[in-house]
Amino acid sequence: MPVFEAVVNSIHSIEEMNGAAEGRIVLQVNRATQGNLDFDTKSQSAIVGFTIIDNGCGFNDDNFKSFETLDSDHKIDKGCRGVGRLMWLKVFKQVEVESHFFDSDGELKKRFFRFDGKSGVHGEKILDPTSSNPGTVIRLIDFDESFRKQVLSKGHSIANQLLEHVLWYFVRQGSAPNIILEDSDETFDLDSLLKGHMHASAFIETITIRECQFDLTHIKFRASVNKKHQLAFCAANRLVKEESIQGKTPGLYGKISDNSGEFTYTCYVSSEYLNQHVRSERTSFDIAEDVEDMLNEVSLKDIREAVLARTKFYLQDVLAETTSAGRKRVDDFINNHAPRYRPIVNHVPEELLIVDPEKSDKELELHLHSQWYEVERQLVNEGHDILNPQNKEQVEEYKERLNEYLSKAEDLKKSDLANYVSHRKVIIDLLQKSIERLEDGKYAREDMIHELIMPMRKDSNEVFLEACNLWLIDERLAFHNYLASDKTLLSMPITGAESTKEPDILSLRLFDNPLLVNDQNTPYLASITVVEIKRPMRNDMQEGEDKDPIDQALGYLERIREGGVKTKSGRPIPGGKDIPGYCYVLCDLTKTMHRRCRRANLRITSDGMGYFGYNEPAHSYIEVISFDQLVKSAKERNRAFFDKLGLPSV
């Protein structure tokens with residue numbers, strides 16, 4: 001900013017002298033002559049200062065007096081407040097000025113002085129001229145390292161940034177001086193850079209906001225320029241503030257295109273109102289963000305909304321395609337991935353349903369969820385008011401308001417149901433992936449499947465039912481008095497069993513420990529369900545509780561009964577030893593698992609994907625479900641719901 005503001009001062013000096021058309025400004029980048037190389041540029045020495053050379057009117061007596069005066073109003077009409085030079089001393093330790101000017105008698109003189117933070121303006125000398133024309137050389141010396149490290153140091157980058165800062169002077173009505181940047185053996189002409197930046201000629205118009213006139217200059221930049229769509233607020237021919245408008249107008253997201261190719265858009269906003277309200281440091285305005293309750297005061301919100309309306313009109317043909325693509329992106333995402341949001345679409349403003357077509361699924365999900373939340377918030381707010389008829393409200397008006405509320409409530413509840421069904425679809429897809437062979441040729445451990453069904457080492461006092469997916473096995477498992485996952489029998493309040501299992505069983509950090517469910521609330525009508533999960537494609541099943549998952553599940557059931565079955569509140573259940581049991585074994589039907597099923601006298605299902613039977617001595621129904629059957633059955637039970645939401649169920 002200090003360097004660029006020095007260039008702006010030179011522009012003003014040229015305008016005061018002979019007009020911009022004949023003006024010339026050279027910005028020289030001064031680098032260290034010895035080795036210290038910037039690591040980010042590698043091949044270039046560190047910048048130690050800058051020199052600004054112009055052929056403007058120079059530091060005549062009036063200009064020099066103004067320079068010595070803090071908060072001078074000498075060039076107030078150009079937006080100069082006399083404090084810009086203080087920024088020089090924040091970044092550079094010393095400034096040297098050598099300036100040729102015409103004195104009051106019309107004679108050419110030379111003025112030299114220094115400027116630093118310790119002595120201020122000092123060492124002034126009036127000398128005989130060494131040039132035949134007016135002009136000024138300003139040397140900004142000893143670039144502060146803490147600032148130098150924060151800025152781009154390549155000459156081309158500096159030239160581009162300078163062009164962005166002074167671009168207003170090139171696109172405004174009138175002309176700009178020729179501005180050159182010199183860096184070692186490289187030279188960058190801003191006129192040439194401008195041609196590379198501009199996509200089309202500028203379009204200028206004037207609008208009125210609360211009786212104040214604002215001039216708008218619409219610019220299209222080539223897409224190769226690293227810029228975002230933005231508003232650029234100017235005051236007294238200076239760029240003061242830039243504000244991104246990416247996404248603030250439907251369709252205005254990344255690069256957009258017209259018949260000449262891709263471009264980015266900037267609107268320069270200038271006005272006498274902005275001139276009057278710019279702050280002295282020229283980085284912001286003394287304008288409230290929103291003063292809609294104050295008469296005849298223009299707020300930033302007023303300006304922004306009015307300018308964006310003109311932006312939308314100026315780019316209407318260009319935005320039509322991106323708007324259509326953005327709306328289609330939302331529709332496709334809802335139809336294929338998130339049908340739970342379909343019921344609320346009619347309650348969301350259309351402009352909020354137009355997004356950047358390049359937005360990721362995650363970003364789009366978050367956006368739609370925020371809209372869903374806003375609809376729900378409005379519903380709750382309206383629900384508090386709906387039972388209280390408004391003053392002078394007629395019966396028909398109240399009925400209409402009530403019907404609108406009920407319609408929105410119905411759609412929101414449809415969204416909740418769709419959300420739940422969509423969740424089931426995702427869980428089934430994850431289950432299918434978890435049983436597939438990994439890239440290394442192995443299969444996932446059983447903990448992945450275990451976590452999908454219910455979080456490990458939790459019981460019903462620690463986890464919400466919504467976090468469980470017991471419906472994958474049996475919908476009835478959702479109805480339980482107590483639920484535990486991967487916990488020792490000793491820790492369970494529903495049994496007095498003292499077994500902590502032997503080390504090989506307690507090591508079921510391989511997750512061979514069961515899920516235990518007491519699925520009846522009454523102590524007189526109870527049943528116990530044991531679910532045993534094995535690693536996909538495990539093929540080492542043998543006789544004995546340690547290796548036979550069927551025997552293992554029955555063993556858990558036996559220990560629970562022997563310990564005395566209780567409700568989760570500790571009340572004993574009469575006849576606990578005869579409580580019916582249900583044992584589910586989830587595994588792949590490998591060769592050894594087929595053998596264990598036959599030895600347990602179980603019958604194979606008609607599709608060959610599982611076994612079932614009843615063990616009379618254990619008073620337990622047993623079902624062995626292959627992982628393929630688990631996925632297939634879950635899909636079939638939920639297919640009607642998926643079809644209603646348009647979700648693929650294959």
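1. In the hairpin of β21 and β22, four residues lie between the strands, and H619 takes a positive phi near 50°. Strands here are DSSP runs (E, at least two residues), numbered from the N terminus, and two strands pair if DSSP finds at least two bridges between them. This is a predicted model, in which local features need pLDDT of at least 70 and side-chain atom pairs count only at pLDDT 80 or more, while totals for chains, interfaces and linings use all residues. Residues are numbered from 1 along each chain as its sequence is written, and side-chain values use heavy atoms, without hydrogens and water.

2. β21 and β22 (residues 620-626) are antiparallel and share six bridges. Within this pair, Y614 stands opposite Y621 in β22.

3. R603 stands opposite F612 in β21. Five residues separate β20 and β21 in their hairpin, and G608 in the turn has a positive phi of about 70°.

4. Elsewhere, eight strands form an open sheet with mixed pairing, in the order β5-β4-β3-β6-β2-β1-β7-β8. β5 (120-127) and β8 (186-189) are at the edges with a single partner strand each, so one side of each has no neighbour in the sheet. Neighbouring strands are turned by 15° against each other on average, direction ignored; the axes are lines fitted to C-alpha atoms, and angles run from 0 to 180 degrees between N-to-C directions.

5. β6 (residues 135-143) pairs with β3 (residues 92-102) over eight antiparallel bridges. In this region E96 stands opposite R139 in β6, and H100 has G135 in β6 as its bridge partner. β6 is also joined to β2 (residues 47-54) by six bridges, and these two strands run antiparallel. F50 has L140 in β6 as its bridge partner.

6. The whole structure holds 28 salt bridges, counted where a side-chain nitrogen of Lys or Arg is within 4 Å of a carboxyl oxygen of Asp or Glu. One of them joins the side chains of R31 and D183 at 2.8 Å, N to O. The two residues are 152 residues apart in the chain, with R31 in β1 (residues 24-31) and D183 in β7 (residues 178-183).
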